[in-house]
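Here is a briefing on one protein chain. Please keep the sequence and the model open side by side while reading.

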Amino acid sequence: MKKFSPITIALAGLLTLSTAVRAEGPEFGNPSPTAGSSTSEKANAAADVAAYKEIEYKNKDKKGPAIIVLPGDVKSNNANFMQKFGPNNIADYAELELGNANFKVLERSGLGKVLNEISLAYNLGDPKVAKKTMQIGKLKTTKWIIKFDILKAEQIAEAKKGFDGRAVGGIIGALFGGSTGGNVAGAVAGSVNTQEATGVWLIGMRYKIINAVTTEQEATGYKELKMEVGAKGSSVLGASEQQSGGVGLDTMVQRLVQTAVWEIDSKYK
C-alpha cells in the first residue's frame with residue numbers, strides 16, 4: 001500500500017475543501033474603497049433585501065404545458081415607468097420564472113418573424129390565423145399563450161419630516177444671556193438638521209392565459225404590490241450622514257411576475 005507524506009495529505013485536504021466551497025457557487029471580491037465600513041454595511045444590508053430571490057413554486061415537480069409568452073403592454077401613463085420598461089422587459093422576466101416553474105417555454109428569440117404573426121393573431125382574437133400559424137414545427141405542441149401587462153404605476157402616498165435646530169439654538173443663546181456655556185449649547189443645537197422623506201407607489205400587473213387553438217381567454221388575474229422608496233439625512237456640527245434606497249422598478253416588475261407565475265403554477269397547471 002502506497003504511503004503519503006503528511007504534507008501531501010494536508011494539500012489533498014485543502015484541495016477537497018476548496019472544491020467543496022466552489023461547488024456552492026462563485027464568490028466575488030469587493031473593490032469599493034469603502035468596503036467593510038459602516039456605510040458599506042448599511043448599503044449592502046438594504047441591497048440584500050432588494051436582491052433577486054428564487055421562488056419555490058408549489059407545483060414545480062409537475063411538468064407544465066408548452067407555452068409562448070407574448071410581449072406585454074405597459075398601460076400606465078407614468079412617464080418614468082414608460083421610459084424604463086418596454087414590452088420585452090416584462091416578457092423576459094416571465095420566460096425566466098415560467099421556466100423555473102417547470103413550464104415548457106418556447107422562447108421568443110427562437111421564433112423570429114413568426115412572433116409578430118402570433119402576436120397579431122392573439123391580440124385580434126382571430127382563431128383562423130392562429131390555427132394556421134401554430135401548425136409550424138414545434139409550435140404545434142403549444143397549449144397556452146400567456147401575456148403580462150402593467151396596468152398601474154402611480155405614487156399614492158408621500159410623507160416628510162425634518163428638524164432645523166437654528167431657531168432652538170437662538171433661544172438657548174438668549175436664555176443663557178450670552179454666556180460661554182449658552183453660546184456653546186446654542187451653537188450645537190443650531191447645527192442640528194435632520195430630514196426624512198418616504199414615498200409609496202402601487203404597481204399593478206394583469207396576466208392572461210389564452211388557448212393557443214381557439215384564441216379564447218382561459219384565465220386571468222391581477223396582482224398589485226407596494227413599492228416604497230425613502231431617504232434620510234442628518235448633520236450635527238458639520239458631521240453628516242445620509243441614506244437612501246428602496247425597491248426599484250426592475251425589482252417590482254420581477255416580483256409581480258413571480259407572484260403571478262406562482263398563481264398560474266398553483267391554480268392552472
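The model is a predicted one. The protein chain has 9 helices and 6 strands.

**Whole chain**

- The protein chain has 269 residues, and 33% of them count as buried.
- Its accessible surface is about 16,600 Å². Carbon and sulfur atoms account for 56% of that surface.
- Take the contacts between residues at least 6 apart in sequence: 75% of them join residues at least 24 apart.

**Helix H5**

- H5 spans residues 114-124.
- Its buried residues are Val 114, Leu 115, Ile 118, Ser 119, Ala 121 and Tyr 122.
- These residues lie on the same side of H5, because they cover an arc of only 165° around the axis.
- Helix geometry gives the background: an α-helix has 3.6 residues a turn, so residues three or four places apart point the same way.
- Asn 116, Asn 123 and Leu 124 are exposed, on the face of H5 turned away from the buried side.

**Arg 108**

- Arg 108 sits in the loop that runs from strand S2 (104-105) to helix H5.
- Arg 108 counts as buried because its relative accessibility is 9%, and the cut-off is under 20%.
- The side chain of Arg 108 makes a polar contact with the side chain of Asp 92, at 2.3 Å.
- A polar contact also joins the side chains of Arg 108 and Glu 95, at 2.9 Å.
- Leaving aside residues up to four places away in sequence, Arg 108 touches Val 69, Pro 71, Asn 88, Ala 91, Asp 92, Glu 95 and Leu 115. Of these, Leu 115 is one of the buried residues of H5.
- Leu 70 is 38 residues from Arg 108 in sequence, yet their C-alpha atoms are 7.9 Å apart.

**Salt bridges**

- The structure contains 8 salt bridges.
- Lys 147 and Asp 149 form one of them, with the closest N and O atoms 2.9 Å apart. Both Lys 147 and Asp 149 are buried.
- Lys 147 and Asp 149 also belong to a network of salt bridges that includes Asp 73 and Arg 206.
- Lys 152 and Glu 224 meet through their side chains in a salt bridge, 2.9 Å from N to O. This pair links distant parts of the chain: Lys 152 is in strand S3 (residues 142-164), Glu 224 is in strand S5 (residues 217-236), and 72 residues separate them.
- Lys 152 counts as partly exposed because its relative accessibility is 24%. Glu 224 is partly exposed too, with a relative accessible area of 33%.
- Lys 223 and Glu 263 meet in a salt bridge of 2.4 Å, N to O. Lys 223 lies in strand S5 and Glu 263 in helix H9 (residues 249-267), so this pair ties together parts 40 residues apart in sequence.
- Are Lys 223 and Glu 263 buried or exposed? Both Lys 223 and Glu 263 are buried.

Methods
Residues are numbered from 1 along each chain as its sequence is written. This is a predicted model: local features need pLDDT of at least 70, side-chain atom pairs count only at pLDDT 80 or more; totals for chains, interfaces and linings use all residues. Side-chain values use heavy atoms; hydrogens and water are left out. Helices (H or I, at least four residues) and strands (E, at least two) are DSSP runs, numbered from the N terminus. Buried means under 20% relative accessible area, exposed over 50%, partly exposed in between (1.4 Å probe, protein chains only). Contact means heavy atoms within 4.5 Å. A polar contact is a pair of N or O atoms within 3.5 Å; within protein, one must be able to donate a hydrogen and the other to accept it, and residues adjacent in sequence count only if both atoms are side-chain atoms. The arc is that of the directions from the helix axis to the C-beta atoms. A salt bridge is a side-chain nitrogen of Lys or Arg within 4 Å of a carboxyl oxygen of Asp or Glu. Accessible areas come from the Shrake-Rupley method with a 1.4 Å probe; for residues, only the protein chains shown count as cover.
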